[in-house]
Every structure is written in structure tokens, then in C-alpha cells.
Amino acid sequence: MFSQPAASAVHHDAFGHAIDPTVGYARGTLLRASEDESRRLAHCERLATVRWRAQGAAAVRVFTGNRRNYPVQASDLGSVCEEWLGPALAADEFRHAALAHLGGGAAHGVGLLNRTSAGLIAAIHALCDGRPVVALSPAGGRAHASVARGAALAGVPLVEATQDGPWQAQLQGARPALVLMTPVTSNLDLIDDATLQQMIDGAHRAGAVALVDDAYGARVRPVLLDGTPALRLGADLVITNGDKAGLHGPRAGLLAGRDALVRRTMSRASEWGLEARAPLFAGVLRALQAFAPEHLRSEAAHGAALHAALAERVGDLAEPSLLGPILREEAVLGELAARAGRWPAIVPCEATAALAVLLLRDHGIVTANTHGQPGASAALRLKPVGTALADAGGPGAVAQAVADALDQLSAWVDQPRLIAGLLFGEAA
């Protein structure tokens, strides 16, 4: 599905809009590029701030699947957080916690970057040496946008393939230096362990480094699916996120794997200022030490309850996932158009973004569609963390909020100026 197209090939969504191959969705007249997504983010941050100040922290509810805490101890401030010596003081402690979390052993090294995407970009640039990178994803999924951006920065070809396509032939034909697998995407599309093992083995047969982007999967696969950590499947490198899927630390990219490869990647990251500094190191260390599988199981239970309630109101528009309901962007725009009886003047990513802003403005629900970085998935993903679901009134109340927002938005589907005001706080 996402194999590298010929130079002249253009893919389109269900509405005939050309898809931007870097992000995997169509750009519109409102969300035209990263700059517009940054404007949307700034506006949504203002909305959340106003609500927080007026009603308190409990009035802003995080449904992103990312619970970003900074769980350091008072004693860390004068030791582990110290910029020159702090990480060295806790290096052994950090390595033990990281490898225990990721299933590593004595032959493995660890590193920490300021974001998972920073680690992917650094690895592509450090390890490809002019040869292609192959990105393998679940059926219906795709690699993170940073993979395409990293390949472009490194000046190397990118071949994208999915598990339901001829990925073996594409891998062998590409002769890559790096094979990057995403067994659990941000939309929670999945590759099973048996297929992931085949992909890792295939990468090695092709003479490539096998890197697993386990931002979600490092916990989702072992805890919710009884899967095996990627390093134990033979991956050369694995990277996960410090604040996703039950790990409640600051945003960061935790890298582990073959020591020489970790050092090469971290050296490149340091050249570009992508490495994590001491305070981030301290926060991730304490989050790793505090992690318990029950945290993730609780989030999954909340997500399942929300999906059941939402499906009662909007039917199949709400798809189930391991952490909560997902409303795909093309399905949302189709639903809005059907309710309005008019052809939409916006594209699918603008529809889900507008829907998300209504949920934030009127109900304090924070999603990746309001607070995510440019290029994040356009599907509306509702993954409640902590007490977010209870603070928002429970599954029924959130489901009704989504249904009401769909009703409200359907009246605007052919009025881009009104949508612009919603997205940016200003007219187009």
C-alpha cells in the first residue's frame, strides 16, 4: 500500500485529494503545511490554558495516550539533574532500568534522545551510508513521518511496505542498509510477533540493520498481547517513547541495542543537538523505575469502555483499538458530508482537527489532533490516561460530546472560513 511510488505517481484519498506522501494524508486549503499545523497547535494551547486558569487542572483532560509526568525525587535536583556529572552518576542505574524495560542483555547499550523521532532521524543518517532504508508497517499503517523526513535529510531512498504486500521482495530488491519496523503504529495497527520475527530475519539476510520503532509496542506487545520484546526477537536496535502506553515520564526517545550501533546513533544525535540533557535523563530514569504493567492495563480498560459508549452513538464510525476508539479522518469527513447533504469544502485532516478543537473548547478534551506536532496521524484517537475519563464525566459523557460535536460540525462542512476560525482562532 505504501510502497515507494514512481516519481510521477500520485495517490489520492477517497475524496480525490492528492495525498502528501510524507505525512500520509491530503493537505487542504487550511492545513496546507507544517506551519499551519503549528498555528493550530498554538491556538489549541491557548484554549487549554484559558480553561485551566478558569476551571483548574481537572478541567483539561488528556486523551492522547501520553501521560507526561516528571517523576523526579527532590534528591535528584542536585545530583542526577546536574548537567555535567548527573547522568554519569546514575549511568549504571539507568542502563539497568532501560534494558530491563526493553528486554536487553549484557551485550546491549542504551542512549536517550529528546524525542523518538529524533532517534529515528539520527539512526537513518548514522547507519545508512548512502544506501536505502526500508520501512515495514502493519496492514493499513505506515511509518512515522520522521522516517520520510530522516531519509530526505540523509539523502537516501525510502521504500515503504506493509505486511500484507510483497514486503520480502521489496526488501531484497532495495538492498537496504537499514530496515525500520513499526509493529504498533500510533493508530494501533499491529504486526504480530511471528511476522515481526520474519521481518527482523529478513533484514539480516539482506545485510541490513534491524531497527524496531517500538514507541507504543515496547509495552503494548508484552503487556496486552503477551508478545516478546524486540531485542529478544533479534532486533539490532529498538527505540521507545518515555511517555506512551503506560510509561508516565517526560517525552523522550529511549534507544537500546547493539552497543556499537547505539554509540554511532548517539554520536550523530549529539552532533545535531538531538540528545537528551540531564533533567530529561533523570525524569525517564524515575519513570522506568516506577513503571508497572497495571498502568497500561488500566488505560486499556478505560479505552474499551469509551469505545463501547461511543459505538452506541456513532456506530462503526468509532473503530476499536487496544487503547480507545479511533475515528479515521476519511470516515469522519464522509459522515459529516452525509449529515449535511452537501459536498465538503475541507479535506479529511481538517475535519478531524476541527472536531478535536470542538472537544477541547467545549469539554477540555486534549487529543493529538489539537496538541500533536506537525505530521501526526490525522485520525481522531481517543486514548484516555490517568483520571481523564472520569474527570470528563465518564464514557457516556465523552461519547455524547463527540456525537454533539459531529452534529455541530456538519453544519459547517462547506464553510471553510468558519472552520478556519475554529482551527486558528481567526478567519482564513
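Across which strands does helix H7 lie? In this predicted model, in which local features need pLDDT of at least 70, side-chain atom pairs count only at pLDDT 80 or more and totals for chains, interfaces and linings use all residues, helix H7 (residues 193–205) lies across S5, S7 and strand S8 (209–213). Residues are numbered from 1 along each chain as its sequence is written, and side-chain values use heavy atoms, with hydrogens and water left out. Helices (H or I, at least four residues) and strands (E, at least two) are DSSP runs, numbered from the N terminus. H7 runs at about 150° to S8; axes are lines fitted to C-alpha atoms, for helices over the stretch in contact, and angles run from 0 to 180 degrees between N-to-C directions.

The strands named above belong to an open sheet of seven strands with mixed pairing, in the order S4-S10-S9-S8-S7-S5-S6. Strand S4 (108–113) and S6 stand at the edges with a single partner strand each, so one side of each is left without a neighbour in the sheet. On average, neighbouring strands of this sheet are turned by 20° against each other, direction ignored. Strands of a sheet pair through backbone hydrogen bonds, either parallel or antiparallel; here, two strands are taken to pair if DSSP finds at least two bridges between them.

Within the sheet, strand S5 (residues 133–137) is joined to S6 by five bridges, and the two run parallel. Val133 is placed opposite Leu158 of S6. S5 also pairs in the parallel sense with strand S7 (residues 178–181), over four bridges, and Val134 has Val179 as its bridge partner in S7. S7 in turn pairs with S8, again in the parallel sense and over four bridges, with Val179 standing opposite Ala210 in S8.

In S8, five of the five residues are buried, so the strand is largely enclosed by the rest of the structure. Both faces of S8 are covered, with Val209, Leu211 and Asp213 buried on one side and Ala210 and Val212 on the other. In a regular strand the side chains alternate between the two faces of the sheet. S6 is likewise mostly covered, five of its five residues being buried: Leu158, Glu160 and Thr162 on one side, Val159 and Ala161 on the other.

Val209 of strand S8 counts as buried because its relative accessibility is 12%. Contacts (heavy atoms within 4.5 Å) of Val209, leaving aside neighbours within four places in sequence, are made with Leu127, Ala177, Leu178, Val179, Asp236, Leu237 and Leu261.

Helix H5 (145–154) lies across S5, S6 and S7, and runs at about 155° to S6. Helix H4 (residues 116–127) packs with H5 at an angle of about 35°, their axes being 8 Å apart. By class, the contact comprises seven nonpolar, four polar and no charged residues, where Ala, Val, Leu, Ile, Met, Phe, Trp, Tyr, Cys and Pro count as nonpolar, Asp, Glu, Lys and Arg as charged, and the others, Gly among them, as polar.

Ser146 of H5 is buried, with a relative accessible area of 3%. Not counting residues up to four places away in sequence, Ser146 touches Ser117, Leu120 and Ile121. The side chains of Ser146 and His144 are joined by a polar contact of 2.9 Å (a pair of N or O atoms within 3.5 Å; within protein, one must be able to donate a hydrogen and the other to accept it, and residues adjacent in sequence count only if both atoms are side-chain atoms).

Two loop residues were also examined. Val156, in the loop between H5 and strand S6 (158–162), is buried at 8% relative accessibility. Beyond neighbours within four places in sequence, Val156 is in contact with Ile124, Cys128, Gly130, Arg131, Val133 and Ala151. Thr182 lies in the loop between S7 and H7 and is buried, with a relative accessible area of 5%. Residues touched by Thr182, not counting those up to four places away in sequence, are Leu136, Ser137, Pro138, Ala143, Ile191 and Asp213.

Terms used:
Buried < 20%, exposed > 50% of the residue type's maximum accessible area, 1.4 Å probe, protein only.
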